[in-house]
Amino acid sequence: MTSRDGKVDFLYSENNKLKAEKLELIKKNYELELRLKEAEIKKCDVRGCSNRQPPSDY
């Protein structure tokens with residue numbers, strides 16, 4: 001009985017660790033998606049950027 005309880009506790013701790021890792025990966029993914037969107041907004045469509053399209057303050 002004691003060994004079974006230990007195994008259950010171990011499995012719960014492993015499950016919680018995997019959930020935490022998954023949440024961290026989701027957070028990093030969202031941060032990278034946000035950086036990509038910002039980069040797409042700041043991207044200049046004109047070579048040389050003398051007549052920046054779209055105009056912005058970046």
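**Close-up views of a predicted model**

The structure holds one salt bridge. This is a predicted model, in which local features need pLDDT of at least 70 and side-chain atom pairs count only at pLDDT 80 or more, while totals for chains, interfaces and linings use all residues. Residues are numbered from 1 along each chain as its sequence is written, and side-chain values use heavy atoms, with hydrogens and water left out.

**View 1. Salt bridge between Lys17 and Glu14.** The two side chains meet at 3.5 Å, N to O (a salt bridge is a side-chain nitrogen of Lys or Arg within 4 Å of a carboxyl oxygen of Asp or Glu). Lys17 and Glu14 are separated by about one helical turn because they lie three residues apart in helix α1. Lys17 is partly exposed, at 42% relative accessible area, and Glu14 is partly exposed at 27% (buried is under 20%, exposed over 50%, partly exposed in between; 1.4 Å probe, protein chains only).

**View 2. Nonpolar surface patch of Leu23, Ile26 and Tyr30.** The patch covers about 330 Å². Patch residues have over 30% relative accessible area and no salt bridge; like charges are joined within 9 Å, and nonpolar side chains (Val, Leu, Ile, Met, Phe, Trp, Tyr) within 5 Å. Leu23 sits in helix α1, residues 2-42, and is exposed, with a relative accessible area of 58%.

**View 3. The protein chain, with one helix and zero strands.** Of its 58 residues, 3% count as buried. The chain exposes about 5,700 Å², of which carbon and sulfur atoms supply 56%.

Methods. Areas by Shrake-Rupley, 256 points an atom, 1.4 Å probe, with all protein chains shown as cover. Helix = DSSP H or I, 4+ residues; strand = E, 2+ residues; numbered from the N terminus.
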